[in-house]
Amino acid sequence: MQFIDQAEIEVQGGKGGDGMVSFRREKYVPAGGPSGGNGGRGGSVIFEADANLQTLLDFRYARIFKADDGKRGGSSNCTGANGKDVVVQVPCGTMVYDLEQDCLLGDLVSPGQRLCVAAGGKGGLGNQHFLSNRNRAPEYALPGLEGEQRQLRLELKLLAEVGIIGLPNAGKSTLIAALSAARPKIADYPFTTLVPNLGVVRKPTGDGTVFADIPGLIEGAAAGIGLGHEFLRHIERTRLLLHVLDVTAGDPIADFRVIEQELAAYGRGLMEKPQIIALNKIDALDEEMIREIEAELQRFSDAPCLHISAATRRGLDDLMQLVWQWLDEMAAADAEAQRLLELELQAQAELNNPFNSDVPIDGVTYSS
Ligand SMILES: Nc1nc2c(ncn2[C@@H]2O[C@H](COP(=O)(O)OP(=O)(O)OP(=O)(O)O)[C@@H](O)[C@H]2O)c(=O)[nH]1
Ligand SMILES: [Mg+2]
């Protein structure tokens, strides 16, 4: 499957229906009043996040989305029918930007979440609205308004909690295949993986967490070399990085530094993300040399170093135990931060409540 994670499209809300000019014609009533109804509202274009979609591929082919126009108002004060909304399904993790204004309109994260990207125009008022003492027979009505029109840029950022990063050929795909049901291509040459692979890894409790195997990063990735920008962008939303390092490579320390430099050069908080180093392919190197690599690494990185062999699954249990522990700690810290925020908001609301204040407001002192 082709992985399309950016698209430019046009969306247009429907035009509102025109208001109607008409007059009542009733038997025995010589001059009936105005009875033109309002036009219906134009339909809107609405995005909806769909958990079953993985890419923005569909937007390669369909680029213009237009909602129906509202119907014009009728006689006898009948309002015209509203135009039908167009609901467009997008993958979870889609960020929607207005191209002209260069601003973020919204971020569709959870399944079912909706965002109106082009509102339909209002229907025009019918002539019944213009009846007044001075004008008993208004001959005019308002036209419906145009719907909103926008050029959008859609950008998909994967919603994975854990990002598996490393140089090409480090064993990232082998690791995600060992941990999850994902079956990416694995081969003994660099750049086997060209699009991120997602895999759901089960905790001992049975809950699933999404891991992403990010295609190999290389020197210059932060400057866009080797699709680097595309891949680094996906790491932005992960909570934890698993840095896979091939201990059998010529210079694992230099390899580690290449990735660190790219994370730092890209910025946007990638360097601040919690990181675990997985020294991979330990089945193919003697233990003493692995310890030397680890000692050297720890001179400039305080990330924990675990020894694994993704191919033979050695060390994976210990690695995952640490991953779950860190994710649990982060979730607990988030919950605590949320609880404190709510307490703070509650305290502020109480302070602002006039019934809790002795200070006179408008000359009156409230007391509870
Ligand atoms: N001996 C040994 N070989 C491994 C291990 N893990 C991966 N390999 C081999 O290393 C090679 C590269 O593995 P991949 O999983 O494709 O590496 P990758 O990091 O996904 O590479 P790219 O997709 O190119 O970035 C393959 O030949 C794997 O069989 C390991 O633990 N031990
Ligand atoms: Mg791969």
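Q: How many bridges join S10 to strand S11 (residues 208–213), and in what sense do the two run?
A: S10 and S11 are joined by 6 bridges and run antiparallel. Keep in mind that this is a predicted model. Strands count as paired once there are at least two bridges between them, so 6 bridges make S10 and S11 a pair. As an example, Asn197 has Asp213 in S11 as its bridge partner.

Q: What do S10 and S11 form, and what sits in the turn?
A: They form a hairpin, with 5 residues between the two strands. In the turn you'll find Gly206, with a positive phi of about 100°.

Q: Which residues of strand S10 (residues 197–202) are on the covered face, and which on the uncovered one?
A: Asn197, Gly199 and Val201 make up the covered face of S10. Leu198, Val200 and Arg202 are on the uncovered face. In a regular strand, side chains alternate between the two faces of the sheet.

Q: Why are strand S3 (64–66) and strand S6 (103–108) said to stand at the edges?
A: Look at the open sheet of 5 strands, which has the order S3-S1-S8-S5-S6 and mixed pairing. S3 and S6 each have a single partner strand, so one side of each is left without a neighbour in the sheet. On average, neighbouring strands here are turned by 30° against each other, direction ignored.

Q: How do you know that strand S1 (residues 6–12) pairs with S3?
A: Count the bridges: 3 of them join S1 to S3, and the two run parallel. The cut-off is at least two bridges, so S1 and S3 count as paired. Val11 stands opposite Phe65 in S3.

Q: What makes strand S4 (86–91) and strand S7 (114–118) edge strands?
A: The other open sheet to look at has 3 strands in the order S4-S2-S7, with mixed pairing. S4 and S7 each pair on one side only. From one strand to the next, the twist averages 30°. Strand S2 (residues 45–50) pairs with S4 in the parallel sense over 6 bridges, and the bridge partner of Phe47 in S4 is Val88.

Q: Which residues meet where H4 and H5 touch?
A: Pro252, Ile253 and Phe256 in H4 meet Ile293, Glu296 and Leu297 in H5. Sorted by class, that contact has 5 nonpolar, no polar and 1 charged residues.

Q: Is Ser76 buried or exposed, and how do you know?
A: Ser76 has 12 C-beta neighbours inside 10 Å, so it counts as exposed; the cut-off is 12 or fewer. Ser76 lies in the loop between S3 and S4. Its phi is positive, about 55°, although Ser76 is not a glycine.

Q: And Lys281: buried or exposed?
A: Lys281 has 24 C-beta neighbours inside 10 Å, and because the cut-off for buried is 20 or more, Lys281 counts as buried. Lys281 is found in the loop between strand S13 (275–280) and H5. Its phi is near 70°, a positive value in a residue other than glycine.

Note on methods. Residues are numbered from 1 along each chain as its sequence is written. Chains are lettered from A and ligands numbered from 1 in the order in which they are written. This is a predicted model: local features need pLDDT of at least 70, side-chain atom pairs count only at pLDDT 80 or more; totals for chains, interfaces and linings use all residues. Two residues are in contact if their C-beta atoms, placed from the backbone, lie within 7 Å. Helices (H or I, at least four residues) and strands (E, at least two) are DSSP runs, numbered from the N terminus. Ala, Val, Leu, Ile, Met, Phe, Trp, Tyr, Cys and Pro count as nonpolar, Asp, Glu, Lys and Arg as charged, and the others, Gly among them, as polar. Axes are lines fitted to C-alpha atoms, for helices over the stretch in contact, and angles run from 0 to 180 degrees between N-to-C directions.
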